[in-house]
Amino acid sequence: MQKTNRTVIKEVDWPKEIRLLVNKKCNYRCSFPDTGIKWCHEDGAHFFSDDKEASFDDFVFTARALKQPFHLEKVKIAGMEPLLYHRIGDLIKEFKQAGYREVSLTTNGYFLEKKAKELAESGLDTLTVSIHSMNPEIYSKITGSDSLDRVLRGIARAKKAGIRNIKINRVMLRFDHVWQDILFFIDWAAKEKISIKLYELIFSGCLDQKSYFSNYLSWRSLLGYFCKNGRLKEVRRFLISGRERLFWQLRSGVRVETDIFNQKMIPKIASFCQTCPLASYCQEGLFSYGIELNSEMVLSPCLLRDDLSLDVWDLVKARDGKRLFLSISSYIKKLVD
Ligand code: SF4
């Protein structure tokens, strides 16, 4: 068959994913390198209570109960920092035993050296590590931790332990010599045979506006570089959230993923967003990561709006899988249809 260089476009009606934020703790405090003002928006975790924390069995029950009725294929483990979760390996094993095709985990990498073997042996399919600069000094300024070398050692350990699919997340931030840093990062990823994801800094109400303005950097400045050194291989369109993921294949072998956030007022977008007052500056969109539940068993479909949360704590604690599914599906229907 003849090989084609045409970009593949895929439309995704509904991401078949569940994202579980397994804890509320992080050992980093991600901040702008020049001012030290925090930019981490805690991934829209929407925590409401200090003393509510789901148990190990709650997470396992939820992942099992929702898998079949929602046709879920992937479980994404995140948190604040999921490697601080005490039984992370057991959790991964449970999700694999429940029949999930892919279990992934996103981490800052600080504890990876110690945990890599456990993650690999538990059956983790995809590991994503966040590194926002390859310059040790800038890395420490951003994270508050002088640990870039330690994180890189953790990645090497993860490869050695046999985790096949490793990706690096990088939030694009402006600092001196940033493009040099990014090109070094891309070359390093090619050498290590690791994929990378470049994210633009997402605006949210908790961010300092002046800092956002002076630190924002778009990956689009790399378009010329991508065009010269590779091609756009695939576009995935997430219809409900109005978000696109672009996959660039570079000749060096590295695969780069970038995001595009469309306007939220196009016809296929979730109906609720079409009249949302925040739509004009909303980036991620609704149900961008599928079903997302935090460690208080609160479902949060939107980064910017706390009022859109659905509390399923009582249904999970009652182990009532049928009502849990009905409650979440009617909530989705109300916002999306
Ligand atoms: S802020 Fe939330 S509800 Fe409003 S457009 Fe964005 S995703 Fe939709």
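Where is leucine 201 placed? I found leucine 201 in the loop between β7 and α7 (209-215); helices (H or I, at least four residues) and strands (E, at least two) are DSSP runs, numbered from the N terminus.

A note on the source before going on. This is a predicted model, in which local features need pLDDT of at least 70, side-chain atom pairs count only at pLDDT 80 or more, and totals for chains, interfaces and linings use all residues. Residues are numbered from 1 along each chain as its sequence is written.

**Leucine 201, continued**

Is leucine 201 buried or exposed? Leucine 201 counts as buried because it has 20 C-beta neighbours inside 10 Å. The rule I used: buried means 20 or more other C-beta atoms within 10 Å of the residue's own, exposed means 12 or fewer, and partly exposed lies in between, with C-beta atoms placed from the backbone. Setting aside neighbours within four places in sequence, I listed the contacts of leucine 201 as Trp39, Val171, Met172, Leu173, Tyr212, Asn215 and Tyr216; a contact needs C-beta atoms, placed from the backbone, within 7 Å. Tyrosine 216 is 15 residues from leucine 201 along the chain, and their C-alpha atoms are separated by 6.1 Å.

**The whole chain**

I counted eleven helices and 13 strands. The radius of gyration is 20 Å, which agrees with the value near 20 Å for a compact globule of 337 residues; it is taken over C-alpha atoms, and the globule rule is 2.2 Å times the number of residues to the power 0.38. Along the principal axes, the C-alpha atoms fill a box of roughly 55 × 55 × 45 Å. Buried residues are 38% of the 337. Of the contacts between residues at least 6 apart in sequence, 69% join residues at least 24 apart.

**The core**

The largest nonpolar core has 82 residues, and Leu20, Val75, Ile77, Leu119 and Leu124 touch the most other members. Helix α1 (residues 56-67) gives the most to this core, with five residues. Such a core is a set of buried Ala, Val, Leu, Ile, Met, Phe, Trp, Tyr and Cys residues joined through C-beta atoms within 7 Å. I followed up leucine 124: beyond four places in sequence, it is in contact with Ile92, Val103, Leu105, Leu119 and Ile163.

**Helix α2**

Which residues of α2 (residues 88-97) are buried? I noted Ile88, Leu91, Ile92, Glu94 and Phe95. They lie on the same side of α2, because they cover an arc of only 160° around the axis, judged by the directions from the helix axis to the C-beta atoms. Their cover includes α1, β3 (74-78), β4 (102-107) and α3 (112-122). Glycine 99, which follows α2, has a positive phi near 100°.

**Two positive phi values**

Most residues other than glycine have a negative phi, so I checked the next two. Lysine 193, in the loop between α6 (178-192) and β7 (195-200), has a positive phi of about 60°. With 11 C-beta neighbours inside 10 Å, lysine 193 counts as exposed. Phenylalanine 287, in the loop between α9 (271-274) and β11 (291-293), has a positive phi of about 50°. With 22 such neighbours, phenylalanine 287 counts as buried.

**Around the ligand**

Last, I looked at the residues around the ligand, among them Lys264, Phe272, Cys273, Cys276, Cys282, Cys302 and Arg305; the cut-off is a C-beta atom, placed from the backbone, within 6 Å. This shell divides into nine nonpolar, one polar and two charged residues. Here Ala, Val, Leu, Ile, Met, Phe, Trp, Tyr, Cys and Pro count as nonpolar, Asp, Glu, Lys and Arg as charged, and the others, Gly among them, as polar.

How values were computed. Contact = placed C-beta atoms within 7 Å.
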